[in-house]
Amino acid sequence: MTRKIELPPYETVALVLQGGGALGSYQAGVYEGLHEAGIQPNWFAGISIGAVNAAILAGNAPEQRMPRLNEFWETICRSAFFPDASVEAQITALAGDGPGRAALSAFAAGRALLGGQDGFFTPRVVPPFLWPFGGIAATSFYDTRPLKETLERLVDFDRINARETRLSVGAVDIETGNFAYFDNASTKIVPEHIMASGALPPGFPAVEIEGRYYWDGGLVSNTPLTEVLGHTPRRDTIVFQVDLWSSDGPRPNNILDVAEREKDIRFSSRTRMATDAATELQRLRRALKRALDCLPPEAAVDPEIASLRDLSCSKVYNVLHLIYRDKQYEAQHKDYEFSLPTMREHWEAGLADIRRTLKHPEWLERPRGLGVVTHDVHRAKRDAAQAGEPDAAE
């Protein structure tokens, strides 16, 4: 059992969840580690599958969140073609992590494409390019109505809209190309908002909300960190940012490696750059605040000085970055490989990473100096190895 952790007095404790399909069970593992440590976020922000996980968390009481997450992932990772999960688990265990496991992973991904996933999506009987009548059936390969039923069963939308916990999910207006955040602070959240955030074309259909149609937010930005850090009024914030795609990776050796690496780069949404830009901006705000505080009182009447004061900020931001690292057997189809054994491995990886992160209590402290800091357990381990030092979290 992980010891209970009492965080320093942050005003916002945010869990930020990237999109990534089947990889999203890694985020569930991260939340499990936070839950067992007694850390309860008061703001959940997500894109795509991150929006689904965020809705389940925000839409349930803390004591119900883990059972609901488990039910969701156990549901959508069931297959009509291979209903006996115990047999699948035994075959997977025998395959190990070598070529046999890679073949099983490819088979599971192909099975998802052909048959869909329970409680999530089903293939259209008539493919879209053969549908003569236009509309939703002509613009997507799958029907996501099962996901709406799953959300309605597992998420208490009345609780979300009571605003006990903040929820933000991102989508893209397909006509304007503009990014939109749906936030329960200003919007009544319904299942369609969550579905819109994960409506990745051409697989899934656009979702209508108040006469506008939306696609997956990952088409524009797959990481909702900027929504949390850029929100006003600014607040002292600790962010657990959970990414499912790594911007770092090896040089491809074959065409399948190329497909995987291209997807990693595209959906990582330049996370590190966005994180660095957001933190550098906050450092500048804090430096501006200190400079303005040195001016004489009479300068406050200057309208330009007043404008600068609006931009300044003395708040602190602490970002703890957790990034999923690929397994040896995984390939470009990893985001739609929904087998139960793989889902559980992703979950355990997230749990292991957050447990190792929380073994660094100094990382949870309020930043000093310029007031912005980022931590990454994998980066810390790599740096320690390069320096020939032991990893304190091991």
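Reader: Which side chain does Thr342 join in a polar contact?

Author: The side chain of Thr342 makes a polar contact of 2.8 Å with the side chain of Glu337. A polar contact is a pair of N or O atoms within 3.5 Å; within protein, one must be able to donate a hydrogen and the other to accept it, and residues adjacent in sequence count only if both atoms are side-chain atoms. This is a predicted model, in which local features need pLDDT of at least 70 and side-chain atom pairs count only at pLDDT 80 or more, while totals for chains, interfaces and linings use all residues. Residues are numbered from 1 along each chain as its sequence is written, and side-chain values use heavy atoms, with hydrogens and water left out.

Reader: Where is Thr342, and is it buried or exposed?

Author: Thr342 is in helix H13, residues 340-358; helices (H or I, at least four residues) are DSSP runs numbered from the N terminus. Thr342 is buried at 1% relative accessibility, where buried means under 20% relative accessible area, exposed over 50% and partly exposed in between (1.4 Å probe, protein chains only).

Reader: What is Thr342 in contact with, leaving aside neighbours within four places in sequence?

Author: Those residues are Arg101, Tyr329, Glu330 and Glu337, contact meaning heavy atoms within 4.5 Å.

Reader: Changing topic, how many salt bridges are in the whole structure?

Author: The search finds 23 salt bridges. A salt bridge is a side-chain nitrogen of Lys or Arg within 4 Å of a carboxyl oxygen of Asp or Glu.

Reader: Which residue forms a salt bridge with Glu36?

Author: Arg355 does, with the closest N and O atoms 2.7 Å apart. Glu36 lies in helix H1 (residues 25-36) and Arg355 in helix H13, so this pair ties together parts that are 319 residues apart in sequence. Glu36 is buried at 10% relative accessibility, whereas Arg355 is partly exposed at 37%.

Reader: And what does Asp353 pair with?

Author: Asp353 forms a salt bridge with Arg356, the closest N and O atoms being 3.9 Å apart. The two are 3 residues apart in helix H13, and therefore separated by about one helical turn. Asp353 is buried, at 8% relative accessible area, and Arg356 is buried at 12%.

Reader: Which residue meets Glu71 in a salt bridge?

Author: The side chain of Arg153 does, at 3.3 Å from N to O. Glu71 is in helix H3 (residues 62-76) and Arg153 in helix H6 (residues 145-154), so the pair links distant parts of the chain, 82 residues apart.

Reader: Which residues are linked in a network of salt bridges?

Author: Glu260, Arg261, Asp264, Asp326 and Lys334 are linked in that way.
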